[in-house]
Amino acid sequence: MKIRSTEIVGTFAEAFKMWGARVIVTAATKQWSQAAAQSMTGFATSVIGCKCEAGIEGALTPDQTPDRRPGVSILLFAMDKASVGKRLLERIGQCIMTCPTTACFNGLNGDETVQVGSQLRYFGDGFQGSKKLAERRFWRIPVMDGEFTVEESFSVQPAVGGGNIIILGTNEKNTLAAAGAATRAMGSIKDIILPFPNGVVRSGSKVGSRYKALPASTNDAYCPTLKAVTESNLPADVNCALEIVIDGLTERAVRDAMTAGIRAAAKPGIRQITAGNYGGNLGQYKIDLHELDLTA
Amino acid sequence: MAIFLKQIATPDVPMEADNITPARFAGQTPAGVEKLAVMHGSEPRRIGDFFSVSGQFDGTINVEGDHLGRVKLIGAGMSRGVIQVDGDVGEHLGAAMSGGEIRVNGNATDWVGPEMSGGRIEIHGNAGHMVGSAYRGAAMGMTGGEIIIHGNARNEAGNAMRNGVIAIGGNSGDFTGVNMLSGSIFVLGELGIRTGAGMKRGSIVSMKEATLLPTFSYSCTYRPGYMTLYLLHLSQIFAVAEEYLEGSYKRYCGDSVELNRGEVLLYAG
(Lines give C-alpha, C1' and ligand atoms only; values in the text may rest on other atoms or scores of the structure.)
Protein backbone atom coordinates (compact mmCIF):
# COMPACT_ATOMS: atom_id res chain seq x y z
CA MET A 1 0.00 0.00 0.00
CA LYS A 2 1.25 3.49 -0.83
CA ILE A 3 0.20 7.01 0.02
CA ARG A 4 1.76 9.17 -2.65
CA SER A 5 5.42 8.01 -2.68
CA THR A 6 5.38 6.58 0.85
CA GLU A 7 4.94 2.86 1.39
CA ILE A 8 2.68 1.82 4.27
CA VAL A 9 4.17 -1.42 5.52
CA GLY A 10 1.83 -4.37 5.99
CA THR A 11 2.33 -4.76 9.70
CA PHE A 12 0.56 -3.89 12.92
CA ALA A 13 1.03 -1.80 16.03
CA GLU A 14 0.83 -3.84 19.18
CA ALA A 15 -0.97 -1.98 21.97
CA PHE A 16 -1.69 -2.81 25.57
CA LYS A 17 -4.49 -2.67 28.08
CA MET A 18 -3.97 0.20 30.48
CA TRP A 19 -6.11 2.32 32.81
CA GLY A 20 -6.61 6.00 32.21
CA ALA A 21 -7.86 9.13 33.93
CA ARG A 22 -8.63 12.64 32.74
CA VAL A 23 -7.61 15.57 34.93
CA ILE A 24 -8.90 19.09 34.32
CA VAL A 25 -6.58 21.75 35.68
CA THR A 26 -7.70 25.37 35.82
CA ALA A 27 -5.89 28.50 36.92
CA ALA A 28 -6.20 32.27 36.94
CA THR A 29 -4.52 32.53 33.54
CA LYS A 30 -3.82 30.27 30.59
CA GLN A 31 -0.11 30.50 31.38
CA TRP A 32 -0.49 29.18 34.92
CA SER A 33 -2.75 26.35 33.84
CA GLN A 34 -0.20 25.38 31.19
CA ALA A 35 2.62 25.58 33.73
CA ALA A 36 0.80 23.23 36.06
CA ALA A 37 -0.06 20.83 33.25
CA GLN A 38 3.49 20.75 31.93
CA SER A 39 4.78 20.05 35.41
CA MET A 40 2.30 17.23 35.97
CA THR A 41 3.00 15.59 32.64
CA GLY A 42 6.78 15.86 32.93
CA PHE A 43 8.80 12.65 33.28
CA ALA A 44 5.81 10.59 32.18
CA THR A 45 6.90 9.25 28.83
CA SER A 46 6.85 5.52 29.49
CA VAL A 47 5.56 3.24 32.23
CA ILE A 48 8.84 1.35 32.01
CA GLY A 49 10.81 4.13 33.64
CA CYS A 50 8.25 6.67 34.82
CA LYS A 51 5.52 4.47 36.34
CA CYS A 52 2.92 6.20 34.18
CA GLU A 53 2.39 7.89 30.84
CA ALA A 54 0.79 11.30 30.78
CA GLY A 55 0.30 14.18 28.41
CA ILE A 56 -1.71 17.24 27.63
CA GLU A 57 -4.87 16.38 25.73
CA GLY A 58 -5.64 19.98 24.97
CA ALA A 59 -6.18 23.51 26.22
CA LEU A 60 -9.63 24.44 27.48
CA THR A 61 -11.31 27.79 27.21
CA PRO A 62 -13.13 29.19 30.26
CA ASP A 63 -16.50 28.09 28.91
CA GLN A 64 -15.22 24.49 28.84
CA THR A 65 -14.06 24.29 32.47
CA PRO A 66 -16.03 23.76 35.67
CA ASP A 67 -15.00 27.06 37.25
CA ARG A 68 -14.95 29.19 34.11
CA ARG A 69 -11.20 29.77 34.16
CA PRO A 70 -8.64 28.82 31.52
CA GLY A 71 -7.72 25.18 31.79
CA VAL A 72 -5.92 22.17 30.43
CA SER A 73 -7.10 18.62 29.97
CA ILE A 74 -4.54 15.98 30.95
CA LEU A 75 -4.69 12.24 30.39
CA LEU A 76 -2.71 9.91 32.60
CA PHE A 77 -2.27 6.17 32.03
CA ALA A 78 -0.83 3.32 34.08
CA MET A 79 -0.99 -0.45 33.98
CA ASP A 80 -3.70 -0.87 36.60
CA LYS A 81 -6.31 1.11 38.46
CA ALA A 82 -4.38 1.35 41.72
CA SER A 83 -1.31 2.68 39.93
CA VAL A 84 -3.36 5.41 38.29
CA GLY A 85 -4.57 6.44 41.75
CA LYS A 86 -1.04 6.55 43.17
CA ARG A 87 0.33 8.55 40.28
CA LEU A 88 -2.55 11.03 40.39
CA LEU A 89 -2.01 11.54 44.09
CA GLU A 90 1.71 12.16 43.64
CA ARG A 91 1.45 14.37 40.61
CA ILE A 92 -1.57 16.43 41.61
CA GLY A 93 -0.04 16.88 45.04
CA GLN A 94 3.40 17.88 43.83
CA CYS A 95 2.68 19.60 40.52
CA ILE A 96 -0.87 21.01 40.60
CA MET A 97 -1.37 21.93 44.25
CA THR A 98 2.01 23.65 44.25
CA CYS A 99 1.22 25.84 41.25
CA PRO A 100 -0.33 29.25 42.04
CA THR A 101 -4.09 29.70 41.59
CA THR A 102 -4.84 26.19 40.31
CA ALA A 103 -7.84 23.97 40.92
CA CYS A 104 -8.17 20.36 39.85
CA PHE A 105 -11.24 18.43 38.67
CA ASN A 106 -12.15 14.95 37.51
CA GLY A 107 -12.73 14.90 33.76
CA LEU A 108 -14.31 11.47 33.24
CA ASN A 109 -17.66 9.93 34.03
CA GLY A 110 -17.64 6.42 35.37
CA ASP A 111 -18.28 4.21 38.33
CA GLU A 112 -14.66 3.16 38.84
CA THR A 113 -12.91 5.81 40.90
CA VAL A 114 -9.69 6.44 42.78
CA GLN A 115 -9.37 8.71 45.79
CA VAL A 116 -7.29 11.84 45.33
CA GLY A 117 -8.68 14.90 47.10
CA SER A 118 -9.68 12.81 50.07
CA GLN A 119 -5.98 11.91 50.51
CA LEU A 120 -4.47 15.26 49.63
CA ARG A 121 -6.71 16.97 52.17
CA TYR A 122 -4.43 15.95 55.02
CA PHE A 123 -1.96 18.55 53.80
CA GLY A 124 -4.46 20.99 55.27
CA ASP A 125 -3.40 19.91 58.76
CA GLY A 126 -6.93 20.00 60.09
CA PHE A 127 -7.82 23.34 58.48
CA GLN A 128 -9.14 21.65 55.32
CA GLY A 129 -12.83 21.57 54.53
CA SER A 130 -15.03 20.14 51.85
CA LYS A 131 -18.05 21.11 49.82
CA LYS A 132 -20.48 18.70 48.27
CA LEU A 133 -22.39 19.72 45.17
CA ALA A 134 -24.85 17.09 43.94
CA GLU A 135 -22.81 13.89 44.12
CA ARG A 136 -19.40 15.52 43.79
CA ARG A 137 -17.27 16.45 46.78
CA PHE A 138 -14.55 19.05 46.54
CA TRP A 139 -11.81 19.49 49.12
CA ARG A 140 -10.58 22.94 50.04
CA ILE A 141 -7.00 22.93 51.22
CA PRO A 142 -5.64 26.21 52.62
CA VAL A 143 -2.50 27.33 50.78
CA MET A 144 -0.49 30.51 50.69
CA ASP A 145 -2.45 32.19 47.87
CA GLY A 146 -5.87 31.22 49.19
CA GLU A 147 -7.05 27.67 48.86
CA PHE A 148 -6.55 24.72 46.54
CA THR A 149 -9.78 23.11 45.35
CA VAL A 150 -9.46 19.47 44.33
CA GLU A 151 -12.12 16.91 43.59
CA GLU A 152 -12.38 14.08 46.08
CA SER A 153 -12.32 11.20 43.59
CA PHE A 154 -11.36 10.77 39.97
CA SER A 155 -12.95 8.32 37.57
CA VAL A 156 -10.70 5.81 35.87
CA GLN A 157 -11.44 3.57 32.93
CA PRO A 158 -9.82 0.82 30.87
CA ALA A 159 -7.67 2.34 28.16
CA VAL A 160 -5.23 1.50 25.40
CA GLY A 161 -1.52 2.30 25.52
CA GLY A 162 1.29 1.88 23.07
CA GLY A 163 -0.38 2.52 19.75
CA ASN A 164 2.37 3.70 17.46
CA ILE A 165 3.69 4.52 14.04
CA ILE A 166 7.33 4.63 12.92
CA ILE A 167 8.33 7.07 10.19
CA LEU A 168 11.32 6.13 8.05
CA GLY A 169 12.89 9.01 6.12
CA THR A 170 15.85 9.66 3.93
CA ASN A 171 17.28 12.27 6.26
CA GLU A 172 16.75 13.88 9.67
CA LYS A 173 15.19 17.08 8.31
CA ASN A 174 12.37 15.54 6.34
CA THR A 175 11.73 12.85 8.95
CA LEU A 176 11.39 15.50 11.66
CA ALA A 177 9.07 17.51 9.44
CA ALA A 178 6.91 14.47 8.78
CA ALA A 179 6.79 13.58 12.48
CA GLY A 180 5.79 17.16 13.26
CA ALA A 181 3.04 17.04 10.67
CA ALA A 182 1.81 13.75 12.13
CA THR A 183 1.70 14.98 15.72
CA ARG A 184 -0.12 18.15 14.69
CA ALA A 185 -2.70 16.05 12.87
CA MET A 186 -3.08 13.75 15.87
CA GLY A 187 -3.55 16.81 18.09
CA SER A 188 -7.06 17.23 16.74
CA ILE A 189 -8.08 13.76 17.94
CA LYS A 190 -9.87 13.66 21.29
CA ASP A 191 -9.19 11.11 24.03
CA ILE A 192 -5.51 10.58 23.17
CA ILE A 193 -2.12 11.84 24.22
CA LEU A 194 1.37 11.48 22.79
CA PRO A 195 3.51 10.99 25.90
CA PHE A 196 6.98 11.62 24.44
CA PRO A 197 8.71 15.00 23.91
CA ASN A 198 6.66 16.92 21.37
CA GLY A 199 4.96 13.58 20.78
CA VAL A 200 7.99 11.97 19.17
CA VAL A 201 10.44 9.32 20.39
CA ARG A 202 13.78 8.51 18.78
CA SER A 203 14.82 5.79 21.24
CA GLY A 204 12.32 3.16 20.24
CA SER A 205 12.87 -0.01 22.22
CA LYS A 206 12.63 -3.76 21.86
CA VAL A 207 11.82 -6.15 24.65
CA GLY A 208 14.83 -7.48 26.55
CA SER A 209 18.55 -6.84 26.41
CA ARG A 210 21.81 -8.71 26.42
CA TYR A 211 22.20 -7.16 29.89
CA LYS A 212 20.01 -9.14 32.28
CA ALA A 213 18.96 -6.21 34.43
CA LEU A 214 17.35 -4.33 31.56
CA PRO A 215 13.75 -5.13 30.54
CA ALA A 216 14.11 -3.19 27.28
CA SER A 217 16.88 -1.96 25.03
CA THR A 218 17.40 0.01 21.85
CA ASN A 219 15.45 -1.19 18.84
CA ASP A 220 18.57 -1.96 16.79
CA ALA A 221 16.52 -3.03 13.76
CA TYR A 222 15.54 0.64 13.33
CA CYS A 223 18.90 2.27 14.16
CA PRO A 224 20.43 3.54 10.92
CA THR A 225 23.97 3.40 12.33
CA LEU A 226 23.60 -0.37 12.82
CA LYS A 227 22.31 -1.26 9.36
CA ALA A 228 25.61 -2.91 8.52
CA VAL A 229 25.87 -4.97 11.68
CA THR A 230 22.34 -6.03 12.60
CA GLU A 231 19.24 -7.48 10.99
CA SER A 232 17.88 -4.10 9.98
CA ASN A 233 14.31 -3.17 9.04
CA LEU A 234 15.48 0.00 7.33
CA PRO A 235 15.64 0.36 3.53
CA ALA A 236 19.04 1.25 2.15
CA ASP A 237 18.30 4.96 1.62
CA VAL A 238 16.70 5.51 5.05
CA ASN A 239 18.90 7.43 7.46
CA CYS A 240 16.46 8.43 10.18
CA ALA A 241 13.54 6.73 11.97
CA LEU A 242 11.19 8.40 14.43
CA GLU A 243 8.33 6.84 16.37
CA ILE A 244 5.11 8.37 17.64
CA VAL A 245 3.49 6.56 20.56
CA ILE A 246 -0.21 7.05 21.24
CA ASP A 247 -2.13 6.33 24.43
CA GLY A 248 -5.90 6.63 24.31
CA LEU A 249 -9.01 6.17 26.36
CA THR A 250 -10.41 3.91 23.64
CA GLU A 251 -9.01 1.74 20.87
CA ARG A 252 -11.08 3.79 18.42
CA ALA A 253 -9.30 6.98 19.45
CA VAL A 254 -5.88 5.33 19.06
CA ARG A 255 -6.83 4.05 15.61
CA ASP A 256 -8.09 7.49 14.59
CA ALA A 257 -4.87 9.08 15.77
CA MET A 258 -2.72 6.56 13.88
CA THR A 259 -4.80 7.16 10.76
CA ALA A 260 -4.44 10.92 10.99
CA GLY A 261 -0.73 10.63 11.70
CA ILE A 262 0.02 8.32 8.78
CA ARG A 263 -1.91 10.49 6.35
CA ALA A 264 -0.05 13.60 7.49
CA ALA A 265 3.42 11.99 7.60
CA ALA A 266 3.30 10.50 4.10
CA LYS A 267 5.43 13.13 2.41
CA PRO A 268 8.25 13.27 -0.13
CA GLY A 269 11.41 11.95 1.51
CA ILE A 270 9.49 9.49 3.69
CA ARG A 271 10.18 6.03 2.29
CA GLN A 272 8.04 3.97 4.64
CA ILE A 273 5.66 4.23 7.57
CA THR A 274 5.57 1.15 9.73
CA ALA A 275 4.68 0.23 13.31
CA GLY A 276 6.28 -1.45 16.28
CA ASN A 277 5.15 -4.78 17.62
CA TYR A 278 6.40 -7.78 19.56
CA GLY A 279 5.16 -10.45 17.23
CA GLY A 280 1.69 -10.14 18.66
CA ASN A 281 2.69 -12.01 21.80
CA LEU A 282 2.55 -9.24 24.39
CA GLY A 283 -0.17 -6.74 23.61
CA GLN A 284 -3.91 -7.25 23.73
CA TYR A 285 -4.56 -5.03 20.70
CA LYS A 286 -3.22 -5.45 17.18
CA ILE A 287 -3.85 -2.43 14.97
CA ASP A 288 -3.11 -3.39 11.38
CA LEU A 289 -1.93 -0.43 9.34
CA HIS A 290 -3.62 -1.71 6.20
CA GLU A 291 -6.96 -1.88 8.00
CA LEU A 292 -6.89 1.83 8.80
CA ASP A 293 -8.88 4.12 6.56
CA LEU A 294 -5.94 5.82 4.85
CA THR A 295 -7.75 6.75 1.67
CA ALA A 296 -8.94 10.28 2.53
CA MET B 1 -50.16 11.84 33.48
CA ALA B 2 -49.96 13.32 36.95
CA ILE B 3 -52.53 13.00 39.68
CA PHE B 4 -54.30 16.25 40.55
CA LEU B 5 -55.54 17.35 43.97
CA LYS B 6 -57.78 20.42 43.80
CA GLN B 7 -58.78 21.92 47.12
CA ILE B 8 -62.56 21.95 47.52
CA ALA B 9 -62.91 22.71 51.23
CA THR B 10 -60.98 24.97 53.56
CA PRO B 11 -59.82 23.30 56.77
CA ASP B 12 -61.17 25.05 59.87
CA VAL B 13 -57.93 24.26 61.67
CA PRO B 14 -54.50 23.26 60.37
CA MET B 15 -54.57 19.93 58.66
CA GLU B 16 -51.79 17.32 58.70
CA ALA B 17 -51.46 15.73 55.27
CA ASP B 18 -48.32 13.62 55.48
CA ASN B 19 -49.97 11.07 53.21
CA ILE B 20 -49.55 13.41 50.27
CA THR B 21 -46.37 11.78 49.02
CA PRO B 22 -45.55 9.91 45.82
CA ALA B 23 -44.88 6.70 47.76
CA ARG B 24 -48.37 6.71 49.31
CA PHE B 25 -50.02 7.53 45.98
CA ALA B 26 -48.16 4.84 44.03
CA GLY B 27 -50.59 2.24 42.71
CA GLN B 28 -53.65 4.17 43.90
CA THR B 29 -56.61 5.19 41.77
CA PRO B 30 -58.13 8.66 42.39
CA ALA B 31 -60.79 6.97 44.51
CA GLY B 32 -58.07 5.25 46.51
CA VAL B 33 -56.24 8.52 47.06
CA GLU B 34 -59.44 10.16 48.30
CA LYS B 35 -59.65 7.53 51.03
CA LEU B 36 -56.16 8.20 52.40
CA ALA B 37 -56.18 9.63 55.91
CA VAL B 38 -55.45 13.19 57.00
CA MET B 39 -55.73 14.75 60.44
CA HIS B 40 -58.00 17.77 60.65
CA GLY B 41 -56.94 19.09 64.00
CA SER B 42 -57.41 16.08 66.24
CA GLU B 43 -60.08 14.59 64.00
CA PRO B 44 -59.22 11.81 61.48
CA ARG B 45 -60.54 12.69 58.03
CA ARG B 46 -59.87 11.71 54.43
CA ILE B 47 -58.12 13.50 51.58
CA GLY B 48 -61.38 13.38 49.63
CA ASP B 49 -63.05 15.56 52.29
CA PHE B 50 -60.83 18.45 51.26
CA PHE B 51 -59.65 17.71 47.72
CA SER B 52 -61.10 16.47 44.50
CA VAL B 53 -58.74 13.92 42.99
CA SER B 54 -58.31 13.23 39.29
CA GLY B 55 -55.77 11.95 36.81
CA GLN B 56 -53.47 9.00 37.04
CA PHE B 57 -50.37 8.74 39.15
CA ASP B 58 -47.14 8.65 37.15
CA GLY B 59 -44.80 9.83 39.88
CA THR B 60 -46.02 13.42 39.98
CA ILE B 61 -48.62 14.95 42.28
CA ASN B 62 -50.15 18.34 41.50
CA VAL B 63 -51.77 20.13 44.44
CA GLU B 64 -53.77 23.28 43.85
CA GLY B 65 -55.80 25.49 46.16
CA ASP B 66 -56.30 28.92 47.70
CA HIS B 67 -56.05 27.78 51.31
CA LEU B 68 -53.17 25.34 51.27
CA GLY B 69 -51.48 27.44 53.95
CA ARG B 70 -53.50 25.39 56.40
CA VAL B 71 -52.23 22.12 54.96
CA LYS B 72 -49.14 20.93 56.79
CA LEU B 73 -46.59 18.18 56.13
CA ILE B 74 -47.08 17.88 52.38
CA GLY B 75 -44.28 15.65 51.11
CA ALA B 76 -43.08 14.77 54.61
CA GLY B 77 -40.74 11.81 54.46
CA MET B 78 -40.92 11.53 50.68
CA SER B 79 -38.12 9.66 48.95
CA ARG B 80 -38.95 9.95 45.25
CA GLY B 81 -41.20 11.55 42.68
CA VAL B 82 -42.38 15.12 42.29
CA ILE B 83 -44.93 17.24 44.13
CA GLN B 84 -45.99 20.44 42.43
CA VAL B 85 -47.94 22.89 44.60
CA ASP B 86 -49.80 25.85 43.10
CA GLY B 87 -50.63 28.17 45.95
CA ASP B 88 -49.24 29.10 49.35
CA VAL B 89 -48.30 26.06 51.38
CA GLY B 90 -48.38 25.22 55.09
CA GLU B 91 -45.77 24.24 57.63
CA HIS B 92 -43.36 21.30 57.61
CA LEU B 93 -43.26 21.02 53.82
CA GLY B 94 -40.97 18.11 52.92
CA ALA B 95 -40.04 17.43 56.53
CA ALA B 96 -37.39 14.72 56.75
CA MET B 97 -37.63 14.01 53.02
CA SER B 98 -34.80 11.94 51.57
CA GLY B 99 -35.36 12.25 47.83
CA GLY B 100 -37.57 13.56 45.08
CA GLU B 101 -38.55 17.13 44.39
CA ILE B 102 -41.14 19.58 45.72
CA ARG B 103 -41.91 22.71 43.72
CA VAL B 104 -44.10 25.46 45.13
CA ASN B 105 -45.51 28.21 42.95
CA GLY B 106 -46.34 30.46 45.87
CA ASN B 107 -45.11 31.14 49.37
CA ALA B 108 -44.28 28.70 52.13
CA THR B 109 -44.68 29.33 55.80
CA ASP B 110 -42.38 28.04 58.54
CA TRP B 111 -40.36 24.83 58.65
CA VAL B 112 -39.58 24.18 55.00
CA GLY B 113 -37.56 20.94 54.76
CA PRO B 114 -36.70 20.49 58.41
CA GLU B 115 -34.22 17.66 58.92
CA MET B 116 -34.34 16.65 55.26
CA SER B 117 -31.54 14.35 54.10
CA GLY B 118 -31.88 14.50 50.32
CA GLY B 119 -33.94 15.69 47.41
CA ARG B 120 -34.87 19.20 46.46
CA ILE B 121 -37.40 21.82 47.49
CA GLU B 122 -37.93 24.92 45.40
CA ILE B 123 -40.15 27.77 46.63
CA HIS B 124 -40.88 30.39 44.00
CA GLY B 125 -42.10 32.88 46.59
CA ASN B 126 -41.01 33.60 50.14
CA ALA B 127 -40.45 31.18 53.02
CA GLY B 128 -41.04 31.53 56.73
CA HIS B 129 -38.80 30.75 59.67
CA MET B 130 -36.63 27.66 60.17
CA VAL B 131 -35.87 26.67 56.57
CA GLY B 132 -33.89 23.39 56.59
CA SER B 133 -33.59 23.54 60.34
CA ALA B 134 -33.42 21.11 63.22
CA TYR B 135 -36.55 20.67 65.26
CA ARG B 136 -36.34 22.17 68.70
CA GLY B 137 -34.24 19.94 70.90
CA ALA B 138 -32.78 18.02 67.95
CA ALA B 139 -29.04 18.02 67.30
CA MET B 140 -29.11 18.31 63.51
CA GLY B 141 -31.10 20.08 60.86
CA MET B 142 -30.95 19.14 57.22
CA THR B 143 -28.21 16.65 56.40
CA GLY B 144 -28.40 16.75 52.61
CA GLY B 145 -30.32 17.92 49.59
CA GLU B 146 -31.11 21.37 48.36
CA ILE B 147 -33.61 24.05 49.33
CA ILE B 148 -34.08 26.93 46.93
CA ILE B 149 -36.06 30.01 48.01
CA HIS B 150 -36.54 32.50 45.20
CA GLY B 151 -37.77 35.22 47.54
CA ASN B 152 -36.96 35.98 51.15
CA ALA B 153 -36.62 33.63 54.11
CA ARG B 154 -37.26 34.59 57.71
CA ASN B 155 -35.26 33.71 60.82
CA GLU B 156 -33.02 30.76 61.59
CA ALA B 157 -32.61 29.39 58.09
CA GLY B 158 -30.28 26.41 58.32
CA ASN B 159 -30.45 26.11 62.08
CA ALA B 160 -27.99 23.29 62.98
CA MET B 161 -27.81 22.11 59.38
CA ARG B 162 -25.28 19.33 58.90
CA ASN B 163 -24.96 19.28 55.12
CA GLY B 164 -26.66 20.28 51.90
CA VAL B 165 -27.37 23.64 50.33
CA ILE B 166 -29.84 26.40 51.12
CA ALA B 167 -30.02 29.15 48.52
CA ILE B 168 -32.09 32.27 49.12
CA GLY B 169 -32.58 34.65 46.23
CA GLY B 170 -33.71 37.54 48.41
CA ASN B 171 -32.93 38.41 52.02
CA SER B 172 -32.69 36.15 55.02
CA GLY B 173 -33.78 36.95 58.54
CA ASP B 174 -31.89 36.88 61.80
CA PHE B 175 -29.74 34.00 62.99
CA THR B 176 -29.11 32.61 59.52
CA GLY B 177 -27.05 29.43 59.98
CA VAL B 178 -27.33 29.52 63.75
CA ASN B 179 -25.60 26.50 65.30
CA MET B 180 -24.64 25.32 61.81
CA LEU B 181 -22.50 22.16 61.72
CA SER B 182 -21.59 22.16 58.03
CA GLY B 183 -23.15 22.72 54.62
CA SER B 184 -23.66 25.88 52.61
CA ILE B 185 -26.11 28.77 52.74
CA PHE B 186 -26.17 31.28 49.91
CA VAL B 187 -28.08 34.54 50.35
CA LEU B 188 -28.11 36.78 47.30
CA GLY B 189 -29.71 39.57 49.29
CA GLU B 190 -29.04 40.82 52.80
CA LEU B 191 -28.43 38.87 55.96
CA GLY B 192 -30.24 39.68 59.17
CA ILE B 193 -28.42 40.07 62.45
CA ARG B 194 -26.44 37.45 64.39
CA THR B 195 -25.55 35.44 61.32
CA GLY B 196 -23.83 32.13 62.09
CA ALA B 197 -24.17 32.43 65.86
CA GLY B 198 -22.76 29.25 67.39
CA MET B 199 -21.76 27.75 64.05
CA LYS B 200 -19.03 25.10 64.15
CA ARG B 201 -18.30 24.58 60.46
CA GLY B 202 -19.97 25.36 57.16
CA SER B 203 -20.26 28.37 54.88
CA ILE B 204 -22.66 31.29 54.81
CA VAL B 205 -22.34 33.45 51.72
CA SER B 206 -23.97 36.79 51.07
CA MET B 207 -23.68 39.22 48.22
CA LYS B 208 -24.29 42.21 50.51
CA GLU B 209 -22.40 43.80 53.36
CA ALA B 210 -23.40 42.53 56.79
CA THR B 211 -22.79 43.32 60.41
CA LEU B 212 -21.36 40.22 62.01
CA LEU B 213 -21.03 39.13 65.60
CA PRO B 214 -17.78 40.12 67.33
CA THR B 215 -16.94 36.43 67.55
CA PHE B 216 -16.28 36.40 63.79
CA SER B 217 -12.83 37.55 62.65
CA TYR B 218 -11.80 38.83 59.24
CA SER B 219 -9.15 36.66 57.53
CA CYS B 220 -8.68 37.85 53.96
CA THR B 221 -10.28 38.84 50.68
CA TYR B 222 -9.92 36.17 48.00
CA ARG B 223 -11.71 34.12 45.42
CA PRO B 224 -12.84 30.79 46.89
CA GLY B 225 -12.39 28.05 44.32
CA TYR B 226 -15.70 26.41 44.99
CA MET B 227 -17.74 29.60 44.72
CA THR B 228 -18.00 29.59 40.93
CA LEU B 229 -19.04 25.93 40.93
CA TYR B 230 -21.92 26.62 43.28
CA LEU B 231 -22.99 29.90 41.73
CA LEU B 232 -22.97 28.36 38.25
CA HIS B 233 -25.19 25.62 39.63
CA LEU B 234 -27.51 28.19 41.21
CA SER B 235 -27.56 30.30 38.06
CA GLN B 236 -29.49 27.48 36.41
CA ILE B 237 -32.24 28.15 38.94
CA PHE B 238 -32.33 31.89 39.41
CA ALA B 239 -30.48 34.91 38.15
CA VAL B 240 -26.98 35.22 39.58
CA ALA B 241 -25.16 38.38 38.56
CA GLU B 242 -22.07 37.74 36.49
CA GLU B 243 -19.82 39.72 38.85
CA TYR B 244 -20.60 37.34 41.71
CA LEU B 245 -19.21 34.45 39.68
CA GLU B 246 -15.81 35.99 39.22
CA GLY B 247 -15.60 38.30 42.19
CA SER B 248 -13.67 38.23 45.45
CA TYR B 249 -15.14 37.57 48.86
CA LYS B 250 -14.21 38.71 52.36
CA ARG B 251 -13.72 35.71 54.59
CA TYR B 252 -14.70 35.90 58.24
CA CYS B 253 -13.96 32.91 60.47
CA GLY B 254 -16.20 31.95 63.34
CA ASP B 255 -17.93 31.36 65.58
CA SER B 256 -15.04 31.59 68.02
CA VAL B 257 -17.28 30.61 70.89
CA GLU B 258 -17.44 27.26 69.14
CA LEU B 259 -14.88 25.54 66.86
CA ASN B 260 -14.13 28.68 64.84
CA ARG B 261 -14.07 26.54 61.69
CA GLY B 262 -17.08 28.11 60.04
CA GLU B 263 -16.93 30.94 57.54
CA VAL B 264 -19.02 33.87 56.43
CA LEU B 265 -18.11 35.05 52.94
CA LEU B 266 -19.27 38.52 51.89
CA TYR B 267 -19.00 39.61 48.28
CA ALA B 268 -16.28 42.24 47.98
CA GLY B 269 -16.49 43.15 44.32
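Visitor: Where is Met40(A) found?

Guide: Met40(A) sits in helix 1 of chain A. Helices here are DSSP runs of H or I with at least four residues, strands are runs of E with at least two, and both are numbered from the N terminus. Before going on, please keep in mind that this is a predicted model: local features need pLDDT of at least 70, side-chain atom pairs count only at pLDDT 80 or more, and totals for chains, interfaces and linings use all residues. Residues are numbered from 1 along each chain as its sequence is written, while chains are lettered from A and ligands numbered from 1 in the order in which they are written.

Visitor: Is Met40(A) buried or exposed?

Guide: The general idea is a neighbour count: a residue is buried if 20 or more other C-beta atoms lie within 10 Å of its own, exposed if 12 or fewer, and partly exposed in between, with C-beta atoms placed from the backbone. Met40(A) has 27 C-beta neighbours inside 10 Å, so it counts as buried.

Visitor: Which residues does Met40(A) touch, not counting residues up to four places away in sequence?

Guide: Contact means that the C-beta atoms of two residues, placed from the backbone, lie within 7 Å. On that basis, Met40(A) touches Ala54(A), Ile74(A), Arg91(A), Cys95(A) and Ile96(A), leaving out residues up to four places away in sequence.

Visitor: Which are the buried residues of helix 1 of chain A?

Guide: In helix 1 of chain A, the buried residues are Ser33(A), Ala36(A), Ala37(A) and Met40(A). Viewed down the axis of helix 1 of chain A, these buried residues fall within an arc of 95°, so they line one face of the helix. The arc is taken over the directions from the helix axis to the C-beta atoms.

Visitor: What covers the buried residues of helix 1 of chain A?

Guide: The cover includes strand 3 (12-26), strand 4 (53-60), strand 5 (71-78) and helix 3 of chain A.

Visitor: At what angle do the axes of helix 1 and helix 3 of chain A cross?

Guide: Axes are lines fitted to C-alpha atoms, for helices over the stretch in contact, and angles run from 0 to 180 degrees between N-to-C directions. The axes of helix 1 (residues 30-40) and helix 3 (residues 81-96) of chain A cross at roughly 140° and come within 9 Å. Angles under 35 degrees count as roughly parallel, over 145 as roughly antiparallel, 65 to 115 as roughly perpendicular and the rest as oblique. Helix 1 and helix 3 of chain A are therefore oblique to each other.

Visitor: Which hand does the crossing of helix 1 and helix 3 of chain A have, and which residues make the contact?

Guide: A crossing is left-handed if the near helix is turned anticlockwise from the far one by less than a right angle, and right-handed if clockwise. Helix 1 of chain A passes helix 3 of chain A in a right-handed crossing. Helix 1 contributes Ala36(A), Ser39(A) and Met40(A) to the contact, and helix 3 contributes Arg91(A), Cys95(A) and Ile96(A). By class, this contact has four nonpolar, one polar and one charged residues. Here Ala, Val, Leu, Ile, Met, Phe, Trp, Tyr, Cys and Pro count as nonpolar, Asp, Glu, Lys and Arg as charged, and the others, Gly among them, as polar.

Visitor: Within what distance do the axes of helix 5 and helix 6 of chain A come?

Guide: Helix 5 (residues 172-186) and helix 6 (residues 251-265) of chain A have axes that come within 7 Å and cross at roughly 145°. Their crossing is right-handed. The contact of helix 5 with helix 6 of chain A has ten nonpolar, one polar and two charged residues.

Visitor: How many residues of chain A are in contact with chain B?

Guide: Contacts join 13 residues of chain A to 14 residues of chain B. Strand 8 (129-133), strand 9 (136-143) and strand 10 (146-151) of chain A each supply at least two residues of the side that touches chain B. Strand 8 of chain A gives the most, with four residues. By class, that side of chain A has four nonpolar, three polar and six charged residues.

Visitor: Which residue other than glycine in chain B has a positive phi?

Guide: Leu73(B) does, with phi near 70°. Leu73(B) lies in the loop between strand 7 (71-72) and strand 8 (82-86) of chain B.
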